[in-house]
Amino acid sequence: MRWILCLAMLAIFQLAQAQRVSSSGFFPEAQLTFSPLENLELTAKIESQHGMVTNSSETEADWGYYHDRTDFQGFVGTSLNPFISIAGGYQYRWDGDGDNNHRSIQQISLVQRKTIYRMGHRVRTDQTFSPTDSPEFRLRYRLVAEFPLSGNRIDPGEYYVIASNEPIFGTQGGDLKIENRLVCSLGHNFTKNQKLEAGLDYRTDDFLDGGLRQRLWLKVGFFVKIPDRE
């Protein structure tokens, strides 16, 4: 299974070289999770995309910094059992073009723990509302696999590889939209409740508009969970 992750990362580089990347840049994110009550989990997250280069099949690369977007998210979740959890959330997007919007989010997650890896499934629906555009409604499914680089589980102080793929289907103003997100990262588990992940986030969309928009991000995320009270 680890060879699959290596091939996935290689595929990202090949796709980026085979077709002109329309935009690329830096994608930091940070997440804080805590449980104020038993079986209740609150999550606060911020992620921001900062472009460094844009181009198209007709023009040369245009290098220059620009702020693409910054998302502020909050979730409230609970576990139905040790493997299934549900959550609802809200997102406010500060758009680099000034088209800020609001989004409501609903999701259900399933975790499968195998002998030497963990598989996760997430089904999410969201609704985006903007003062300048029609409401957008999306259905998303994410499959993620997490592998330790040593041993049979990810212990504190160890490294791991995490890869995911997420197709997204949406509709806005009567138009259908399809997007795909492929991510492959190297992670380090500092402690049981703190980890850092860095890798590549490759996104494609505009499949139904007669073209293909591509975005390749260097993604770095820091995740903290406040331990439950004894």
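**Salt bridges and one loop glycine**

User: Is Glu 179 buried or exposed?
Analyst: The relative accessible area of Glu 179 is 10%. A residue is buried under 20% relative accessible area, exposed over 50% and partly exposed in between (1.4 Å probe, protein chains only). Because 10% falls under the 20% limit, Glu 179 counts as buried.

User: What kind of model is this?
Analyst: Residues are numbered from 1 along each chain as its sequence is written, and side-chain values use heavy atoms, with hydrogens and water left out. Local features need pLDDT of at least 70, side-chain atom pairs count only at pLDDT 80 or more, and totals for chains, interfaces and linings use all residues, this being a predicted model.

User: How many salt bridges are there?
Analyst: A salt bridge requires a side-chain nitrogen of Lys or Arg within 4 Å of a carboxyl oxygen of Asp or Glu. By this rule, the count is 18.

User: How many residues apart in sequence are the parts tied together by Arg 215 and Glu 179?
Analyst: The side chains of Arg 215 and Glu 179 form a salt bridge, with N to O at 3.2 Å. Arg 215 belongs to strand S11 (residues 213-225) and Glu 179 to strand S9 (residues 175-191); strands are DSSP runs of E, at least two residues, numbered from the N terminus. The parts so tied together are apart in sequence by 36 residues.

User: Which strand holds Asp 205, a salt-bridge partner of Arg 215?
Analyst: Arg 215 is buried at 5% relative accessible area. Its closest N lies 3.0 Å from an O of Asp 205. The two are ten residues apart, Arg 215 being in strand S11 and Asp 205 in strand S10.

User: Which residues do salt bridges with shared partners join into one network?
Analyst: Asp 205 is buried, at 7% relative accessibility. The network joined through shared partners consists of Glu 29, Lys 45, Glu 47, Asp 201, Arg 203 and Lys 219.

User: What is the relative accessibility of Glu 166?
Analyst: Glu 166 forms a salt bridge with Arg 140 (3.0 Å, N to O). This pair links strand S8, with Glu 166, to strand S7, with Arg 140, across 26 residues. Arg 140 is buried at 6% relative accessible area. Glu 166 also counts as buried, its relative accessibility being 6%.

User: Which residues does Gly 157 touch, beyond four places away in sequence?
Analyst: Gly 157 sits in the loop between strands S7 (136-148) and S8 (158-172) and is partly exposed at 45% relative accessibility. Its C-alpha atom is 5.3 Å from that of Asn 189, 32 residues apart along the chain. With contact meaning heavy atoms within 4.5 Å, Gly 157 touches His 188, Asn 189 and Phe 190.

Conventions
Helices (H or I, at least four residues) and strands (E, at least two) are DSSP runs, numbered from the N terminus.
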